[in-house]
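User: Please take a close look at a single part of this structure. Then tell me how the rest is put together around it.

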Amino acid sequence: MKAHESILELIGRTPMVRLRTGIPESGPTAYVKLEFYNPTGSLKDRITYYILKKAMDEGRLRPGDTVIDNTSGNTGSALAMVASVLGLKSIVTTPEQTSHEKIDLIKSYGAEVIITPEVEDHDDPEGFFMVARRLAAEKGYFDMNQYHNQDNVEAHYLTTGPEIWEDTEGKITHFVCGIGTGGNFSGAARYLKEHNKDIKCIAVDPEGSIFAEYIKHNREVKGYAYKVEGIGSDVVTQALHPHLVDEVITVSDKDSFNRARLIARTEGISGGGSSGAVAFAMEQVARKADSGALLVGIFADAGIRYLSKCYNDNWMRQHGYLPQMEAK
Ligand code: PMP
């Protein structure tokens, strides 16, 4: 039988497909790794399964226990799904601006969702980050703490990195990856550089995030709001290992969203805004690279999560990412 015994067996081993948009025809070859092929539709299934399974194997977590984390999206549905299969309870804290679709998706897998007020500061006790930490400490819940948990990095070191190495037969020359917690970048980049130290690892950060300045000048600046979801941060995270970054490319909301839309329309690959940011950065990398180079970028989730945002023309116009309609 080729059939699987559990949905958890379908996590990882995601496919790569050629990307042509923005890549010079006579230039390097580019592929994107489609993380939306994971069961809940994003890369976060990998880390959630790895973190919880490891804790259960080591006896730190038992069936019936409660797991908590803060998230504004993909980790929430991954946590809820994996927890349900492993017989765990799950609680997700999320800020009030998280879309109803995302909250309902998390609930659909059986998680409890706690909505917290929007706060300026990560350390605000009312905010989604601190509420998760406090509840974990007070109630003895298992705290996933994806931003600082080294098992987040380890999950990508053990799965995403090897998959890219094997699927390119070791020919990859440039790895291009968005940074949110930094786990995907750090884990995969470490694996790739251990196998070939010349592979260039390029981190993609949205305008407004603090990461680029931190990586380039080791300075912690104050960030500002941006609309691309899943990448960038307003605090330094321990899942990001800056010494692995060869270059950081900053991409605007407008370029991220328009590139995601263009790729969906021309190549039939529908990624979220962070995938658009990665693809936009890949164009810049491709223009500078040798024609023999082989680029791999990460498409972390799918456009279907953003039908009311970057795939909606009115929303795009409202935010000035598309030209206004001509008055009739
Ligand atoms: N893109 C999207 C849509 C995401 O949800 C995430 C996860 N935050 C990322 C990119 C970046 O992954 P990481 O947290 O491993 O840096």
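Analyst: Helices (H or I, at least four residues) and strands (E, at least two) are DSSP runs, numbered from the N terminus. The model is predicted: local features need pLDDT of at least 70, side-chain atom pairs pLDDT 80 or more, while totals for chains, interfaces and linings use all residues. Numbering starts from 1 along each chain as its sequence is written, and side-chain values use heavy atoms, leaving out hydrogens and water.

The part to look at is helix α4, residues 128-139. After α4 comes Gly140, with a positive phi near 75°.

Which residues of α4 are buried (under 20% relative accessible area, with exposed over 50% and partly exposed in between; 1.4 Å probe, protein chains only)? They are Phe128, Phe129, Val131, Ala132, Arg133, Leu135 and Ala136. These buried residues pack against four strands: β3 (66-70), β4 (89-95), β5 (112-116) and β6 (142-143).

Arg133 also makes a salt bridge (Lys or Arg side-chain nitrogen within 4 Å of an Asp or Glu carboxyl oxygen). Its partner is Asp69, at 3.0 Å, N to O. Arg133 lies in α4 and Asp69 in strand β3, so the pair ties together parts 64 residues apart in sequence. Both ends are buried: Arg133 has a relative accessible area of 14%, and Asp69 has 0%.

Now the wider setting. The structure holds 20 salt bridges. Lys193 and Asp246 form one of them, at 2.7 Å, N to O. Lys193 sits in helix α7 (residues 183-195), and Asp246 in the loop between α8 (211-217) and β9 (247-251), 53 residues apart. Lys193 is buried at 17% relative accessibility, whereas Asp246 is partly exposed at 39%. Asp198 and Lys197 also pair, their closest N and O atoms 3.7 Å apart. Both of these residues are exposed. Lys33, Glu35, Arg46 and Glu163 are linked in a salt-bridge network.

The chain splits into domain 1 (7-38 + 159-318) and domain 2 (44-143). Their centres, taken over C-alpha atoms, are 24 Å apart. Between the two domains, 3 salt bridges are counted. Glu229 pairs with Lys102, the closest N and O atoms being 2.2 Å apart. In contact (heavy atoms within 4.5 Å) are 21 residues of domain 1 and 15 residues of domain 2.

How values were computed: Expected span 1.5 Å × (residues − 1). Domains from an automatic or database assignment.
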